[in-house]
Amino acid sequence: MMNLPTNRRILLIDDMPSIHEDFRKLLAVSSDAMDLLDDEALLFGDSAAAEQIEFELDSAYQGQEGLSRVQQALQQGRPYAMAFVDMRMPPGWDGVETIERLWQADPRLQVVICTAYTDHAWEDVLRRLDARDRLLVLKKPFDTIEVLQLARTLVMKWSLSLQAQSQMDGLEAAVRQRTRELSDEVQARRQAELALRVRDRAIEAAVNAIMITDHLRADQPIEYVNPAFERITGYPPQEVLGRNARFLQGDESEQPALREIAAAVREEREGHGVFRNRRKDGSAFWNELHIAPVRDAEGAVTHFVGVLNDVTAARDHQQALEFQARHDALTGLPNRLMLRDRLDQAIAHARRMQERVGVLWLDLDHFKFVNDSYGHPVGDGLLVALSTRLRETMRRSDTVARLGGDEFVVLLPGIHRACDASAAAQKVLDALAPPFEIDGHLLHASTSVGVSLFPEDGDSSEALLMHADTAMYRAKHDGRNGFQFYSREMSEQARERETLARALHTAVDENQFELHYQPKLDLGSGRVTGVEALIRWRHPALGMVPPSSFIPIAEETGLIVDIGDWVLRTACAQAQAWQQRWQLGLSVAVNVSPRQFRQHDLPATVRRVLDDSGLAGGLLELELTESLLMHQTDAVIETLRSIKSMGVSLALDDFGTGFSSLSYLRRFPLDLIKIDRAFVAGLASIEADEAITRAIIGMAHALGMAVVAEGVETPEQLAFLQAHRCDAAQGYLLGRPMAAAALDALWQAQRNRLDTPPAH
Ligand SMILES: Nc1nc2c(ncn2[C@@H]2O[C@@H]3COP(=O)(O)O[C@H]4[C@@H](O)[C@H](n5cnc6c(=O)[nH]c(N)nc65)O[C@@H]4COP(=O)(O)O[C@H]3[C@H]2O)c(=O)[nH]1
């Protein structure tokens, strides 16, 4: 038996105090009543009778009072289970009105109308109150048992209905709860479906190809591919579903990245690789593939998801960048970086195989002239053409690299003898000998080549390159357009050169230079008509340093410009001093180096120096080298002309040692040619030298130029030159270069001779 909520509170509303008395007695538990209840228990099997029923009876004598008691009881949380309400209670509300009010306050209150008669028809009453199950009618006079039974039943009913209500509320709450849960579930399912749809859509719309394979079936067939798969590979889904993805490999199944993917599948883990695949049309593309296993609830792999990305463009770009980083932009040849790699490899290989490695360092002779004279596009064209020729000439296994500017290196891996390297060097020289035609210009690209060998000249790429460079420098020094093997002495010389270069800076700052002057004899008159100024460096520790040792360094370092200015100023000042003192019209010849000619505004300098010294332009002669004129241009001719317009003479020095082409002499406004002392040395002994000297004199005269012979040391040489109408001569025979003061005696004698009238 469940525990019912008990409520024994009963309110009696009646205007008759006697009735209240009667009810009080009635509802007190009498033995009769207990008997009666026992009978009921026997009949209904309920043990309610066993309970000690003690009603709590309250009294009210008017409807209003009854209402306030009901309200009070509600406030206390102890409502009445029922009320006996008298029908007629003058002067207050009658029973019906009272009941209406009571129910407004407490709709659960059960009411028993006590009446002997009624002013209302019962139908009206019931319709008006509309609460038949809460309302009973008790006719007076009351029967004790009836009242008691009514009270007991209604009290019980109140409890039962309260319980029923609470059960109903519980049920409703449970239903509400379940409904909420169900709607949550529905909502969650909807959201899951939406999320799946979004994911599906994302896969469908993905730029990357997505492929799902069945891991549980034999040969792991493709189960799904998204539209991007067809875009990238060209294969529509129907042609790939059910197949293993390896058909994308074509015949390139040996790529290392593929092995990594296969391992990842085998080991059921994530994997990544970039490899070449084939599209349906057979074209190759670079596929960057990521794969990841999909596991079921138990953790077993059921599928693999693969994301494919066509990275061909990015890879091409990267390869282009890598190519750029390792190649020369102009010629496409490997650059220094790549050369170093190849050289390192060649050395390692040669060391294992007991072979040699040859390094040829090439430097174009006079490339700067090409650039300066014809402009950079022509210079670039020459470099490109030369690169092509070199590449075509050398073996495929050789590396032809450009280090920048006009410097190239040819790497000869795996040679056996030193003569293999010299043969290669000669091949380079031969290949570059024929002229190049660039933009309508015929250009010669003579080259100086330095050769170093592994292992004898060094066992590292740095050493081999450095020594090949040193050897090249020597080759250039020894007359250009040739090759030279490296030797240990060269390194020593290179070191000396460096020391000298540093000392030369100090020499310029501290003016350690002097000028010596070598007389030039006019062979017609037998008089000294001028001198050549020759620089001397008196180094505080090294003593006299010959010009042949420091002029090339001064050229390389650019110091020649300052030195040349000093020479010009000093020589002109000296010539003017002599002129003022001796009035002999002696000219002074000054050597002008190519760099000086190129980098300096020479006409302006000459003008300034003449003005400053006061020397007449006609007494100055500039000696130019052949290489300076070799790449004749309008600019060079223009410079020469403007110098000549000051009355200054122009001489071509060391004629016969360089290209010695008389044809180009015609184009320059030259006044005289100086025959190199190498030819003069052979006069009166070597027939060929005599023939050449004769030819030079003849052709120079034909072109309106005078000829000066250098290095005359013997009377025979002098006699030969005189006999062949050479105009002037210099040489130890006639006078060594000497300090200015030492020449005063000569000028004095010459002055005297002029002042003494000839004897008749
Ligand atoms: N064996 C022999 N040699 C003779 C004889 N007569 C003269 N010499 C030498 O021949 C060289 C002539 O000068 P160079 O050909 O212009 O050759 C010059 C010239 O190219 C250059 N040089 C000298 N001074 C200057 C200068 O002030 N400026 C520039 N740019 N170069 C200079 O240095 C080169 C060498 O000058 P130096 O040593 O003074 O050598 C001088 C001179 O001393 C002889 O009979 N026999």
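**Backbone, salt bridges and surface of the model**

Glu268 is partly exposed, with a relative accessible area of 30% (partly exposed lies between buried, under 20% relative accessible area, and exposed, over 50%; 1.4 Å probe, protein chains only). The model is predicted: local features need pLDDT of at least 70, side-chain atom pairs count only at pLDDT 80 or more, and totals for chains, interfaces and linings use all residues. Residues are numbered from 1 along each chain as its sequence is written, and side-chain values use heavy atoms, with hydrogens and water left out.

Glu268 sits in the loop between helix H9 (256-266) and strand S8 (271-278) (helices, H or I, of at least four residues and strands, E, of at least two are DSSP runs, numbered from the N terminus). Its phi is positive, near 50 degrees, and Glu268 is not a glycine. Gln354 also has a positive phi, about 55 degrees, and is likewise not a glycine. Gln354 belongs to the loop between helix H11 (336-353) and S11. With a relative accessible area of 73%, Gln354 is exposed. Most residues other than glycine have a negative phi, and most peptide bonds are trans. Two cis bonds were noted here. One runs from Pro90 to Pro91, with omega near 10 degrees. Pro91 falls in the loop between S3 and helix H4 (95-105). The other joins Phe454 and Pro455, with omega about 10 degrees. Pro455 is placed in the loop between S16 and H15.

The protein chain as a whole contains 27 helices and 27 strands. Of its 760 residues, 45% are buried. The accessible surface of the chain comes to about 38,400 Å² (Shrake-Rupley method, 1.4 Å probe; for residues, only the protein chains shown count as cover). Carbon and sulfur atoms account for 52% of this surface.

Asp86 carries a record annotation. UniProt, in an unreviewed entry, places the feature "modified residue: 4-aspartylphosphate" at Asp86 (positions follow the numbering used here, feature names are shortened, and annotations may be inferred rather than shown by experiment). Asp86 is part of strand S3 (residues 82-86). Its relative accessible area is 6%, so Asp86 is buried. Beyond its neighbours within four places in sequence, Asp86 is in contact with Ile13, Asp14, Asp15, Gly95, Cys114 and Lys140. Cys419, by comparison, is partly exposed at 40%. A disulfide is a covalent bond between the sulfur atoms of two cysteines. The search of the whole structure returned zero disulfides (paired cysteine sulfur atoms within 2.5 Å).

The whole structure holds 31 salt bridges (a side-chain nitrogen of Lys or Arg within 4 Å of a carboxyl oxygen of Asp or Glu). Glu65 and Arg69 form one of them, at 3.9 Å from N to O. The two residues are four apart in helix H3 (residues 63-75), and therefore about one helical turn separates them. Glu65 is partly exposed at 30%, as is Arg69 at 29%.

In the pair Glu456 and Arg356, the closest N and O atoms are 2.7 Å apart. Glu456 lies in the loop between strand S16 (447-454) and helix H15 (461-477), and Arg356 in strand S11 (residues 356-364), so the pair ties together parts that are 100 residues apart in sequence. Glu456 is partly exposed, at 37% relative accessibility. Arg356 is partly exposed too, at 25%. Glu621 and Lys520 form a further salt bridge, at 2.9 Å from N to O. Their pairing links distant parts of the chain, with Glu621 in strand S22 (residues 620-624) and Lys520 in strand S18 (residues 513-522), 101 residues apart. Both Glu621 and Lys520 are buried.

A nonpolar patch on the surface is formed by Met168, Leu171 and Val175 (patch residues have over 30% relative accessible area and no salt bridge; like charges are joined within 9 Å, nonpolar side chains, Val, Leu, Ile, Met, Phe, Trp or Tyr, within 5 Å). Together these three residues present about 290 Å² of accessible area. Leu171 is located in helix H6 (residues 144-205). At a relative accessible area of 54%, Leu171 is exposed.

Conventions
Contact = heavy atoms within 4.5 Å.
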